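Subject: Structure for you to look at

Dear colleague,

Here is the structure I promised to pass on, with the sequence alongside. Please open it first, and then read the notes below with the model in view.

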Amino acid sequence: MRRNLTALLASLLVAAAPLLTAGSAAQAQNGPLRIEITDGVIEPLPYAVPSFLAETPAAAELANQITRVIAADLSGTGLFREIPATAHISTVSDFNAPVRFADWKAVNAQALITGSVSVNGKQLTVRFRGYDVFADNELGAGLQFSGTTDGWRRMAHKVADAIYSRITGESGYFDSRVVFVSETGPKNDRRKRLAIMDYDGAGVQYLTNSSALVLAPRFSPTGDRVLYTSYESGFPQIHVLDVGKVQRRVLSADKGIMSFAPRFAPDGNTVVYSQAEGGNTDIYTMDIATGARQRLTRAPSIETAPSYSPDGNQIVFESDRSGTPQLYVMPATGGEARRISFGKGRYGTPVWSPRGDLIAFTKQSKGRFHIGVMRLDGSEERLLTASFLDEGPSWSPNGRVIMFTRETQGANGRALLYSVDILGRNLKPVRTPDGASDPAWSPLQK
Amino acid sequence: MGLQTGTKISLAAHGLLVSWVAFGAWLPSEPLPLPVQEVAVISAEEFARLSQQIQAPQVSESPNGLTPPAASPEPPEVSARPETRPDRPIPEATPVPVVDEPVPALPEPEPDPEVADRLSEPETPPEVPALIPSLPVPEQVRPADRVAPVPVEAPEEEVAIDDLVQPEVSPDEGALSEQEVQEATAPEAASDRIVTEANESDEAEPAPPVAAPLTSVRPKTRPRRPAPAEVAETAAPSAPQVEQASAIEDALAAAIAGGGHVAAPEPSGPPLTVGEKDALRVSVSKCWNVGSLSTEALKTTVEVAVSLDPDGRPKTGTIRMMSSTGGSSGAAKQAYEAARRAIIRCGAKGFSLPSDKYDHWRDIVMTFNPEKMRIK
């Protein structure tokens with residue numbers, strides 16, 4: 001009996017042996033260890049930009065100025081943080097000499113930019129290289145820009161755009177301009193005129209005098225023309241201005257009909273705008289070459305502030321057809337509009353992002369004004385600012401930053417330009433010589 | 001037989017009179033207010049002087065000396081903005097204090113800057129950039145803008161930034177044993193989500209008071225063990241470790257050189273615990289900075305493989321992207337570079353991993369999934 005029992009147990013153990021082996025094998029780890037990282041940090045990336053080398057004596061001052069503009073561009077985004085020169089261990093004395101990565105790692109520089117500048121008469125040449133310090137290699141190939149010394153700021157912006165693009169993977173926005181309404185004088189005698197400047201507030205030039213009220217300038221898709229509304233005739237009418245020649249002409253000259261809030265279509269040949277006739281405001285398009293018009297909305301309510309999608313197929317606009325100003329999207333040829341804003345408050349001045357994925361807007365709620373963004377269906381609304389009066393958002397060419405007007409309260413209140421990124425970070429004023437409102441950002445310059 | 005009308009009226013009137021005498025006349029009623037006019041007693045001379053007619057001033061025929069009125073200010077500017085502008089809050093009017101100081105004259109408006117005839121463009125646009133040949137690869141403080149998984153309060157100014165929290169240690173003059181000088185360190189300040197201007201007031205609101213403790217006291221760190229007495233015994237195990245490391249490097253070099261398939265040795269012993277894996281995950285997370293990534297790269301998940309030295313340091317040359325999902329190749333490249341920086345930076349001092357389980361963590365595949373980081 002005992003012998004039989006022992007034999008039975010032995011046979012059971014033999015039978016179970018493969019299973020036990022398989023179990024232990026399963027418990028052991030096969031292949032490499034696998035982990036998933038889902039939480040990271042969001043902070044400015046530290047970089048170093050030693051002063052560019054002057055290869056000719058005449059280039060010494062420009063080399064330093066160009067370096068400073070590049071640093072201001074990159075640090076101004078809020079995505080990068082410059083490591084001050086006083087913390088550098090290495091010095092760069094030869095543009096073609098190998099970089100000592102260990103020295104830059106020691107100061108935690110994750111990106112390094114080196115460059116050289118040479119001036120020959122009016123000819124300016126800027127060369128630069130970017131490095132991924134912790135990967136011990138270059139950030140793409142080095143580049144060389146040539147131009148005239150007058151254009152040194154643009155060259156600095158182009159270098160910064162290239163570095164920005166290589167690190168973030170999206171295009172930059174530094175070599176761009178902003179057209180805006182310059183405001184001077186006290187509140188009861190404010191004088192307004194169109195002005196244009198670099199995106200960072202440098203090089204302001206005036207495009208109109210202050211004899212007539214001007215509003216809402218908008219760049220063409222190529223940046224060569226500007227649409228705006230002028231009260232020169234005593235009535236709001238749309239003008240188009242050639243930026244290079246500073247020549248302007250009236251687009252809509254019908255007496256007794258107010259036309260305003262113009263914006264170019266992505267093809268640059270059509271203008272969408274609002275027209276008030278008989279106490280009713282609707283949205284129209286006009287062919288710039290022929291003057292042919294098409295009415296897109298027919299409603300007793302106020303329809304205004306139209307803005308095309310980047311592909312030109314849809315238009316977002318503001319309407320009070322539901323009782324309060326809200327945002328609607330309709331086909332570019334007109335037709336049924338769908339409401340996209342449903343939050344509490346009033347929505348206005350919608351602008352489609354150049355990336356096509358977001359719509360920026362002005363919102364008034366509980367006595368405060370906000371600049372915000374939302375998805376095309378109105379979801380994921382995100383308020384980026386809050387103040388006494390914020391309005392009129394305009395997108396940077398890469399769709400990462402929004403510029404807008406902020407007006408302060410009181411008799412001495414004045415309007416200034418501000419910018420903020422689409423996450424609500426890096427809110428800061430834009431430097432202008434006087435008060436400023438209604439900014440419109442150009443595309444990147446060619 | 002009816003009464004005459006006059007009799008009826010007489011009876012009714014007498015009835016009313018009797019009723020009034022019987023009831024109404026006895027009820028008290030409020031006396032009618034007497035009109036009172038205050039007067040002042042004045043003398044006859046004063047009355048004569050007051051009643052004297054005031055002579056009108058003489059008006060000259062010719063309006064000499066008239067000065068034209070000051071130019072009236074322009075009518076207030078009408079807000080001609082056609083776009084519907086939301087109502088502004090109207091502040092309450094406040095009494096204007098009367099000040100006897102002279103009103104300063106408005107400054108003369110500055111003349112308009114000249115309108116450009118033609119924009120002075122820098123405008124010899126830079127030529128098409130030329131490529132520069134690559135080089136051979138040789139051997140102020142901003143306030144905390146940081147968004148991290150766990151919020152961290154701002155450290156004191158003199159405290160150095162480090163992952164570890166360490167108090168400052170300065171040697172006591174009268175101490176018997178030698179003490180190591182240690183600088184105070186603390187992690188960088190961080191918030192666990194992006195705070196915009198629109199929601200910062202929500203952030204600033206104080207939390208409601210609670211009686212219960214909000215955090216438990218963290219246990220003190222275990223004191224360091226004293227150094228072993230005999231050094232010779234501790235030196236012995238390092239030899240096979242070095243041999244093992246060199247063997248791994250040889251095998252890796254052979255594999256890279258195309259020396260055929262080299263089977264990785266099967267890891268033996270117990271695998272890493274969940275806590276040990278979490279510690280590794282947290283250490284890499286601290287250096288995974290997605291703040292400078294494009295929105296497309298923030299939608300891209302990358303799998304990155306890396307081999308570690310026995311001391312926990314990543315071998316830089318072994319870091320490679322295994323796969324990517326959710327974005328273009330360009331976005332995957334940016335996402336991979338951010339992941340690589342995280343591994344190299346936070347592994348520079350060696351990841352804290354149990355050395356007896358080296359076989360289990362020698363090769364690691366890390367999946368960097370930024371889904372939670374898109375809008376934090």
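The C-alpha centres of domain 1 of chain A and domain 2 of chain A lie 36 Å apart. Please keep in mind throughout that this is a predicted model. The domain assignment places domain 1 of chain A at residues 45–168 and domain 2 of chain A at residues 177–441. Where these two domains touch, the contact takes four residues from domain 1 of chain A and six residues from domain 2 of chain A. On the side that belongs to domain 1 of chain A, one of the residues is nonpolar, two are polar and one is charged.

As for Ile66(A) itself, once its neighbours within four places in sequence are left aside, the residues in contact with Ile66(A) are Phe52(A), Val117(A), Val126(A), Trp152(A), Met155(A) and Ala156(A).

Another residue to look at is Leu112(A), which sits in strand 5 of chain A, residues 111–120. Leu112(A) counts as buried because it has 25 C-beta neighbours inside 10 Å, the cut-off being 20 or more. Not counting residues up to four places away in sequence, Leu112(A) touches Tyr47(A), Ala48(A), Val99(A), Trp104(A), Tyr131(A) and Val133(A). By way of a distance to check on your screen, the C-alpha atoms of Leu112(A) and Val181(A), which are 69 residues apart along the chain, are separated by 38 Å.

I then went through two sheets of chain A. One is an open sheet of four strands in the order 16-17-18-19, with antiparallel pairing. Strand 16 (258–264) and strand 19 (293–295) of chain A stand at its edges, each with a single partner strand, so one side of each is left without a neighbour in the sheet. Neighbouring strands of this sheet are turned by 30° against each other on average, with direction ignored. Within the sheet, strand 17 (residues 270–277) and strand 18 (residues 280–287) of chain A pair in the antiparallel sense over eight bridges, and Tyr273(A) has Tyr284(A), in strand 18 of chain A, as its bridge partner.

The other is also an open sheet of four strands with antiparallel pairing, in the order 20-21-22-23 of chain A. Its edge strands are strand 20 and strand 23 (338–339) of chain A, each of which pairs on one side only. Six of the six residues of strand 20 of chain A, residues 303–308, are buried, so this strand is largely enclosed by the rest of the structure. Strand 20 of chain A pairs with strand 21 of chain A, residues 314–319, in the antiparallel sense over four bridges, and Glu303(A) has Ser319(A) in strand 21 of chain A as its bridge partner. These two strands form a hairpin with five residues between them, and Gly312(A) in the turn has a positive phi of about 80°.

Chain B has eight helices and six strands, which follow the pattern α-α-β-β-β-α-α-α-α-β-β-α-α-β when read along the sequence. Of the 376 residues in chain B, 16% are buried.

With best wishes

Technical notes. Residues are numbered from 1 along each chain as its sequence is written. Chains are lettered from A and ligands numbered from 1 in the order in which they are written. This is a predicted model: local features need pLDDT of at least 70, side-chain atom pairs count only at pLDDT 80 or more; totals for chains, interfaces and linings use all residues. Domain bounds come from an automatic or database domain assignment. Two residues are in contact if their C-beta atoms, placed from the backbone, lie within 7 Å. Ala, Val, Leu, Ile, Met, Phe, Trp, Tyr, Cys and Pro count as nonpolar, Asp, Glu, Lys and Arg as charged, and the others, Gly among them, as polar. A residue is buried if 20 or more other C-beta atoms lie within 10 Å of its own, exposed if 12 or fewer, and partly exposed in between; C-beta atoms are placed from the backbone. Two strands pair if DSSP finds at least two bridges between them. Axes are lines fitted to C-alpha atoms, for helices over the stretch in contact, and angles run from 0 to 180 degrees between N-to-C directions.
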